Structure formats: C-alpha cells, structure tokens
Amino acid sequence: MQIKRSATAHWEGSGKTGNGTMATQSTVLHDTQYSYNTRFEDGIGTNPEELIGAAHAGCFSMKLAFVLQAAGFTADSIDTKATVILEAGAITTVQLETSVKVAGVSQAQLEEFTADAKANCPVSKLLNAEITLTTTLL
C-alpha cells in the first residue's frame, strides 16, 4: 500500500527579512506563517524543525503502540517529545523523550519496545541524524 501526503510552502523576499507560509493537504496548517524569526529566534509562527519534531513524536508514538500491540500489550498513554537540533546548517540530532503508562511491562521490556519503535518508525528511517531516546515507565 502506498500512502501519499503533501504540504506546500510559499516564500517571498530574502532569507533573513522575507517570510512565508506553509499549508498541509489536510488543511491542519493553512497559510501558517514562518520566517527567519520563527526559525532562528522566538517569532510567532512555525518552522521546519518544529514540524519535523511533531512528525517524529507522532510517528514514534504510533509505532510504539503497534510494537506493544504485537507483544500483547495496550498502553494507557504514550507521551513523546521530540527535540530537533539544528546546528551548522544541518539537523544533527533528534532527542526523543517518551513516557509510557502500560500495565504488565517491565522497564527492560519497555526499553526493548521503544528501541524497536525508534529504529522502525518511518520518520526515524528518513532522518540522517543521531536519534537519542529516553524512556520512562509510569
């Protein structure tokens, strides 16, 4: 099965003083503002790294749910934060931090399950960056 999803970006002006908008096929983002200030400072709007972080956190959490399901477990909750680090013009690291509430699973088992999810979620496979992982059993 092939799945296709798309997003668009529009930019006007120079890299530092210009600005743009992003939109997603689902319309969750529609003319969402981004600029130098939203990427490199604390301006209002979004940026590519934030969106990659959201995509990675969501992908990892869903993959972990499938890994747990395959092992006969269902999580009460999975909360994941993905911190994307951009330095010297490259995304060098993604730091995943996940907290999982699931009955009947030991910390060692959970670490095996999260390592599987980290290695096999499609966004992890896409990124050419070091991906670190911290796992907490609730």
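**Briefing: pocket, sheet and salt bridge in a predicted model**

Helix α2 gives the most to the lining of the largest pocket, with four residues. The structure is a predicted model, and its chain contains four helices and six strands. Of the 138 residues in the chain, 31% count as buried.

**Overall layout**

- Along the sequence, the secondary structure elements follow the pattern β-β-β-α-α-β-β-α-α-β.
- The C-alpha trace of the chain spans about 55 × 35 × 25 Å along its principal axes.

**The largest pocket**

- The space in the largest pocket amounts to about 290 Å³.
- Its lining is formed by Leu-51, Ile-52, Ala-54, Ala-55, Pro-122, Val-123, Leu-126 and Leu-127.
- Two helices, α2 and α4 (122–126), each supply at least two residues of this lining.
- By class, the lining of the largest pocket comprises eight nonpolar residues, with no polar and no charged residues.

**The three-stranded sheet**

- An open sheet is built from three strands in the order β1-β2-β3, and the pairing is antiparallel.
- The edge strands are β1 (7–12) and β3 (32–35), each of which pairs on one side only.
- From one strand to the next, the twist averages 25°.
- Strands β1 and β2 pair in the antiparallel sense over six bridges; within this pairing, Ala-7 has Thr-24 in β2 as its bridge partner.
- These two strands, β1 and β2, form a hairpin with six residues between them. Gly-13, which lies in the turn, has a positive phi of about 95°.
- Strand β2 (residues 19–24) also pairs with β3 in the antiparallel sense, over four bridges. In β3, Gln-33 stands opposite Thr-21.
- As background, side chains in a regular strand alternate between the two faces of the sheet.

**The salt bridge**

- The structure holds one salt bridge, formed between Arg-39 and Glu-49, whose closest N and O atoms are 2.5 Å apart.
- The pair links distant parts of the chain: Arg-39 belongs to helix α1 (residues 36–40) and Glu-49 to helix α2 (residues 48–70), 10 residues apart.
- The contact counts as a salt bridge because a side-chain nitrogen of Arg lies within 4 Å of a carboxyl oxygen of Glu.
- In general, side chains of opposite charge can pair when their charged atoms come close.
- Arg-39 is partly exposed, with a relative accessible area of 36%, whereas Glu-49 is buried, with a relative accessible area of 8%.
- Glu-49 is classed as buried because its value of 8% falls under the cut-off of 20% relative accessible area.

Terms used:
Residues are numbered from 1 along each chain as its sequence is written. This is a predicted model: local features need pLDDT of at least 70, side-chain atom pairs count only at pLDDT 80 or more; totals for chains, interfaces and linings use all residues. Side-chain values use heavy atoms; hydrogens and water are left out. Buried means under 20% relative accessible area, exposed over 50%, partly exposed in between (1.4 Å probe, protein chains only). Two strands pair if DSSP finds at least two bridges between them. Axes are lines fitted to C-alpha atoms, for helices over the stretch in contact, and angles run from 0 to 180 degrees between N-to-C directions. On a 1 Å grid over the protein atoms alone, a cavity is a set of points where a 1.4 Å probe fits but cannot get out, and a pocket is an open set with protein on both sides within 12 Å along at least five of seven lines; lining residues have an atom within 4 Å of a point. Grid points are joined across faces, edges and corners, and a volume is the space filled by probe spheres set on the points. Ala, Val, Leu, Ile, Met, Phe, Trp, Tyr, Cys and Pro count as nonpolar, Asp, Glu, Lys and Arg as charged, and the others, Gly among them, as polar.
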